[in-house]
Amino acid sequence: MSSSNSALPSGAALQDEIDSLNAQITKQGAHVRTLKKESSSNADEIASAVEELKRLKLHAETLRKHQEASDPSKTFNRKVFDELILRKMFIVPSFEIHGGVKGLFDLGPPACALKAAIVDAWRKHFVLTESMLEMECTCLTPEVVLKTSGHVDRFTDLMVKDPVSGECFRADKLLEDVIDELLEANPDMPTEERERHLRVQIQADAFSPAELDEQLALYGCKAPSGEPYGPSFPFNLMFKTSIGPEGTSVGYLRPETAQGLFVNFRRLLDANSQKMPFAAAQIGLGFRNEIAPRSGLLRVREFCMAEIEHFVNPDDKSHPSFSSVANKELVLFGRDDQLGSGKTKTITVGEAVSTGLVNNETLAYFMARTQLFMERIGMDPSRLRFRQHLTTEMAHYACDCWDLEIQSSYGWVECVGHADRACYDLDVHGKATKTPMVATLKLDEPREVEIAKLKFDRKALGQAFKGDQRVVARVLEALAENWADFEPVATALETDGKTTVDGFEITKSMLTWTKETKKVHEIKFTPSVIEPSFGMGRILYSLLEHCFYQRDADEQRCVMKFKPAVAPQKCAVLPISSSDEMNAVVDEIAASLMDSDLATRVDKSTASLGRRYARADEVGVPFAVTVDFDTLADGSVTLRERDSTVQIRLPKTDVTKVVFDFVHGRFSWDEAVVKYPVVQVKED
């Protein structure tokens, strides 16, 4: 039976069906990932699950297209938007006259100022308000640091090279694509043969280099030059370099800013007078050698990040300021809803924590603060949601993870990650460097605890470990602070006569111990880390989309409705004629505005006043002062508000204070139209 758009649901029923399909897609995707991980899964079972996932996605895409066709407001005019972004030099391809490089972009004057305003707002909203410790760490990172964190192993894919041009390609994607082409070209292929090809396609990312090379040859996969590809080789997505002239010290451009904060934990704790909890923050560049950069600023090779590492006692993840956000409502997309109804829930932060939907107060606190930040810079709240990671998505050590997703023309895009990373990061760096990454909890009342009283044979330790004997002693003494931690070591030594602790082989002859009770006034612990991580490039791009609209649906009248606080330029000053007298007043007003740190646009061109207003609208200037003939007579000017196009008349001496108060949220346009007379002006 054939289907048509007329047979499809509409309105709320259509949205319900789309939500239900999204839930099925999420559930089926998790099922496919589980099957691929389990060695007991057979190829037929995996192939069947993948086919069902593809069917669900195709059906969902059909419904979304029907929804867009029936509601023009859901259609984003990307062509006009992209033209504006390029024409007004918000974002341009890097090295454009040399042909450009994929995944690299330059921010032009408007976007540069917009990014600076967003970063400034972020710093005030988080670093200053929360009394965070801000650092600026080097972008160049030694290999040992990223090996310890897991990045060296985790950022590798198999690549092949065109032997003629030297161009590189991701090998598993080539195999997947050539099988897709084969199946599309042969729709009548027998089912058994089709399934055999699908089984190969499904396993593409799990093949060894030799197996992948064999499959590429079997399918006749050729390079653009017409020659067979060279052998597969590992490709690390981090930018690798050497440190120093010898070339023996390997380094990378950092893929994230967080590691610099983790390795400086002990100094940060000292800087905070040993007080817990506390947060450290960093704004800076990250680098990732993306194989197929796409979607503008959403997937690039160099990106600005703003990350917070909040260090907290793993046994107490409450937040002292939680009550200030407990009543803030968030749109949450929990894992159960993703796998069930497919619908989000709008609930308060307090309820989310009390019901266990969000793991703890500190994680929820930063989620709420992130929502408030997005609203502060002008993001559309109706296009924000927090999506919880599914169990199959989370790292084994993570307690809970929520992504702030922003809806754009590319769909829902992860822009801020909120992760409870437990003690993983400090643990791995501490163990790798034999450095105790611990904090201290002062007890209100002394507490009796069971410990191990150690006595070392220094001679035996020295002979076995030489310069590391003090490190070994410190590790054992740290375990001995709690009998429960030391007991497995004691048991192994009694049973086997030896054991391994942090990579050191300890024998029974090196120490003796007794179990004792000790009264303690403080407890040592490795802090957990709550990490909000902001992708500033993605936030910038999303804000551009959220602020873009066409006045009266006219493609020639584009507007960027930036909030005054983040607008690249706060005010335009325009003369109605080019007389020397008027230009002098324009210069006077512009100088006054800039003396108050208000970026100002002066347009003395001969274009019509309406055209000059439109130019200012395109780059998001929220206010425009017009110097006219009345100005020369009585010293008054008009002040235009961008989105309403309403104008008021006020003394030129009031302009700087009024605009300053608009920008800093001390005065609203609604208050202005009451205080000052509104004037009727037709914009030509």
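Here is a quick tour of this chain, from its overall build down to a few helices and cores.

What you're looking at is a predicted model, where local features need pLDDT of at least 70, side-chain atom pairs count only at pLDDT 80 or more, and totals for chains, interfaces and linings use all residues. Residues are numbered from 1 along each chain as its sequence is written, and side-chain values use heavy atoms, with hydrogens and water left out.

**The whole chain**
- The C-alpha atoms fill a box of roughly 100 × 75 × 60 Å, taken along the principal axes.
- You'll find 24 helices and 29 strands here; these are DSSP runs (helices H or I, at least four residues; strands E, at least two), numbered from the N terminus.
- Of the 684 residues, 47% are buried, meaning under 20% relative accessible area with a 1.4 Å probe, protein chains only.
- Take the contacts (heavy atoms within 4.5 Å) between residues at least 6 apart in sequence: 67% of them join residues at least 24 apart.

**Domains**
- The chain splits into domain 1 (11–70), domain 2 (105–149 + 238–423), domain 3 (156–236), domain 4 (439–525) and domain 5 (569–679), with bounds from an automatic or database domain assignment.
- Between the C-alpha centres of domain 2 and domain 5 there are 39 Å.

**Nonpolar cores**
- A nonpolar core is a set of buried Ala, Val, Leu, Ile, Met, Phe, Trp, Tyr and Cys residues joined through side-chain atoms within 4.5 Å.
- The largest one has 77 residues, and Trp122, Met374, Phe534 and Met560 touch the most other members.
- Domain 2 and domain 5 both contribute residues to this core, so it lies between them.
- Leaving aside residues up to four places away in sequence, Phe534 touches Trp122, Phe373, Met374 and Ile539, among others.
- A second, separate core of 25 residues includes Val573, Leu593, Val625 and Trp669.

**Helix H3**
- In H3 (residues 78–87), the buried residues are Val80, Phe81, Leu84 and Ile85.
- Seen down the helix axis, they fall within an arc of 135 degrees, so they line one face of H3; the arc is that of the directions from the axis to the C-beta atoms.
- Their cover includes strand S1 (91–93), helix H19 (536–547) and helix H21 (609–618).
- Just after H3, Met89 takes a positive phi of about 60 degrees.

**Helices H17 and H18**
- The axes of H17 (residues 469–480) and H18 (residues 483–496) come within 6 Å and cross at roughly 120 degrees.
- The contact involves Leu476, Leu479 and Ala480 of H17, plus Trp483, Asp485, Phe486 and Val489 of H18.

Conventions:
Buried means under 20% relative accessible area, exposed over 50%, partly exposed in between (1.4 Å probe, protein chains only). Axes are lines fitted to C-alpha atoms, for helices over the stretch in contact, and angles run from 0 to 180 degrees between N-to-C directions.
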